[in-house]
Amino acid sequence: MGEDLTKGNLLLLLAAAIWGFSLVSQQAGMEVMGPWSFTAVRCTLSAVALFPLMVYAEKKKIKENTDYDWKADTKRTIFPAFLCFLTLGACIQFQQFGLIYTGVGKGAFVTAFYIFLTPVIGLFMKKKVSGRMWFAVVLAMAGIYLISMTGGIGNINPGDMLMLGAALTYAFYLHIVDRYSGRDIIKLSCFQFVFIGLLSFIPAFVFEPGNITWPHILTTMIPILYAGIISGAGGFTLQMIGQKYTEPNTASIILSSETVFSLFAGWLFFREILKPVEYIGCAVMVIAIALAVIPEKSQTGNAGQKADR
């Protein structure tokens, strides 16, 4: 089980790295397309990218198990995929619209409240949270504050409230993924993006008419490809696989290292110079993650318990 936990944690860390580098692509895409339009195109692309993998996996299961009923398994995946759509879809839109009113750094800090909200929601689901995990949560929030809020908090604006909505919906998403991570991950991930992508076209055409055109898509091709294939299909599927072996509270702290990777991306691509306080924030984040990944006794049977869900 220890190897499974390590694998899950590493996959979550890889997802965080992918998302840390995706901020540039999202900002570039939003300069040309509206939030609904960009979400519709990128998430539809995520579904298209996952579809061949899903078909391959289905054919393999049919070949290896003659009793496998792909229709029943598909129906079984629709409801959890719809729950993922409701929470992740809401999170994405809260973030996209929130960035219109608030800065990236402040937005990242407010969104990171999912680190705190995830164990709080877990308490209502009768999931115990150790004192060490709460300490790791506090450290992670402090680290993200030092990294993101170098200019101070400032006044609360509507964008901050939207980002808080993103934090809340993503915390619920983490628990939903934890609940259904024993299902066919590729199919679950593909279906969630089918829901998000196709249903986002409706408000895109209503509120952002003329946004989804070939000139716009071609202009933002690189950001769309990264956000759709690498960040969407790749990152969120890695998260789902990682959560097969890792508890939501630990997962939330590991995924929050996205902020650290964003700083690294800024240095790598834009030669941004890190301030001393940002280095301290990164160090605090590393300590928080190190505390979080130490397995609890209750986690030792985690992978086996999820397998039959």
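In this predicted model, helices α8 and α10 are oblique to each other. Helix α8 covers residues 185-207 and helix α10 covers residues 221-242; their axes cross at roughly 135° and come within 10 Å. An angle over 145 degrees would count as roughly antiparallel and one of 65 to 115 as roughly perpendicular, so the pair falls into the oblique class. The crossing in which α8 passes α10 is right-handed.

The residues that form this meeting can be named on both sides. From α8 come Ile185, Ile186, Leu188, Ser189, Gln192 and Phe193, while α10 contributes Gly232, Ala233, Phe236, Thr237, Met240 and Ile241. Of the residues in this contact, 8 are nonpolar and 4 are polar, and no charged residue takes part.

A second pair of helices can be described in the same terms. Two packed helices are described by the angle between their axes and the distance between the axes. For helix α6, residues 131-148, and helix α11, residues 248-255, the angle is about 20° and the axes lie 10 Å apart. Angles under 35 degrees count as roughly parallel, and α6 and α11 are therefore roughly parallel to each other. Their crossing is left-handed. On the α6 side the contact is made by Met133, Ala136, Val137 and Ala140, and on the α11 side by Asn249, Thr250 and Ile253. This contact of α6 with α11 comprises 5 nonpolar and 2 polar residues, again with no charged residue.

Thr118 is placed in helix α5, which spans residues 114-124. Is Thr118 buried or exposed? Its relative accessibility is 0%, and Thr118 therefore counts as buried.

Read along the sequence, the pattern is α-α-α-α-α-α-α-α-α-α-α-α-α-α. The chain has 309 residues, and buried residues make up 51% of them. Where contacts join residues at least 6 apart in sequence, 91% of these contacts are between residues at least 24 apart.

Terms used. Residues numbered from 1 in each chain as written. Predicted model: local features only at pLDDT ≥ 70, side-chain atom pairs only at ≥ 80, totals over all residues. Heavy atoms only, no water. Axes fitted to C-alpha atoms, helices over the stretch in contact; angles between N-to-C directions. Helix = DSSP H or I, 4+ residues; strand = E, 2+ residues; numbered from the N terminus. Left-handed = near helix turned anticlockwise from the far one by under 90°. Contact = heavy atoms within 4.5 Å. Nonpolar A, V, L, I, M, F, W, Y, C, P; charged D, E, K, R; others polar. Buried < 20%, exposed > 50% of the residue type's maximum accessible area, 1.4 Å probe, protein only.
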